[in-house]
Amino acid sequence: VPKNPFKAIAEGDFLQIVFFSILFGIFLAQIGKDKSGPVINFFEGVSAAMINLVEKIMYVAPIAVFALISATVAEFGFSILQTLLLYSLTVVLGLSIITFIEYPALLKIFSKISIRDFLKTQRQVMAVAFTTSSSAATLPITMDICEKKLGVPNRIASFVLPLGTTINMDGTALYQAVAAMFIAQVYGFDLNLSQQLTIVLTAALAAVGTAPVPSVGLIMLIIVLKSVGVPEEGIALIIGVDRLLDMCRTVPNVLADSLACVVIAKSENELGEIKPE
């Protein structure tokens, strides 16, 4: 809890910044629109400008990644490439457990519908999410599938899905936690249990604030690294494989939104007939 939020911003204490921002947003939503409107418009403008800035920077990213990877290999040797492969496999394994074990279990417990039918309806959603690496770009497809094939009423889908696209980033949170642990190990940091729990908490909070566009999760990883004192330049170690992992982590992000729609519609006794084909 920051004593002075501006001091936290100046010193880069991201955990305090995220906590203050969440509270600020909650109470901003509780005042009249005539007062909150200008403030919200200001921050939306800043957010849009920053996203546009990141998109332009990504045009030169391939050259920058080549330079960073070259420097990394020169510093750590070619063995770092094998380590990167193991890191990537760890992230993919974690995402697979979420997608094919945790989600089906939750679906079966809370909705009782067929897991196979649910996954069949989500094939197009998963394909678009994987290829675009963007929950926002997948949102129209997700809404269409949820309403037409999963039988979720529009009033539920139109509320749950946009909200989930913004704050429900399970795959991103898992990726950031694994990435932070990997970078800490490469730099020789011996993280205790308290620091590991801090990584988990910060990754969850950072994922909530991550914009649903490609590669932003990599930028938000800085928050997680700084929370435990790991050098943020360690991101250079993983930036070369981030694009593929970004595609993979977007899939559980969007599947979780569809799952939430089904569970909520079922709890309200408004879930219609599922049409897997």
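Q: Leaving aside neighbours within four places in sequence, which residues is N253 in contact with?
A: This is a predicted model. In it, N253 is in contact with S135, N168, M169, D170, G171 and T172. Contact here means heavy atoms within 4.5 Å. N253 itself lies in helix α13.

Q: Why is N253 called buried?
A: Its relative accessibility is 2%. Buried means under 20%. N253 therefore counts as buried.

Q: How do you know that the span of helix α10 agrees with its 17 residues?
A: Helix α10 covers residues 170-186. The expected span is 1.5 Å times one less than the number of residues. That should give 24 Å, and the end C-alpha atoms are 25 Å apart, so the two agree.

Q: Which residues in α10 are buried?
A: Among them are G171, T172, A173, Y175 and Q176. Further along, F182, I183 and A184 are buried too. Just after α10, G188 takes a positive phi of about 80 degrees.

Q: What describes two packed helices?
A: The angle between their axes and the distance between the axes. For α8 (residues 135-148) and α13 (residues 242-267), the axes come within 11 Å and cross at roughly 35 degrees. The crossing is right-handed.

Q: What residues make up the contact of α8 with α13?
A: From α8 come S135, T138, T142 and C146. They meet T250, N253, V254, S258 and C261 in α13. By class, the contact has three nonpolar residues, six polar and no charged. Cys and Val count as nonpolar.

Definitions and conventions
Residues are numbered from 1 along each chain as its sequence is written. This is a predicted model: local features need pLDDT of at least 70, side-chain atom pairs count only at pLDDT 80 or more; totals for chains, interfaces and linings use all residues. Side-chain values use heavy atoms; hydrogens and water are left out. Axes are lines fitted to C-alpha atoms, for helices over the stretch in contact, and angles run from 0 to 180 degrees between N-to-C directions. Helices (H or I, at least four residues) and strands (E, at least two) are DSSP runs, numbered from the N terminus. A crossing is left-handed if the near helix is turned anticlockwise from the far one by less than a right angle, and right-handed if clockwise. Buried means under 20% relative accessible area, exposed over 50%, partly exposed in between (1.4 Å probe, protein chains only).
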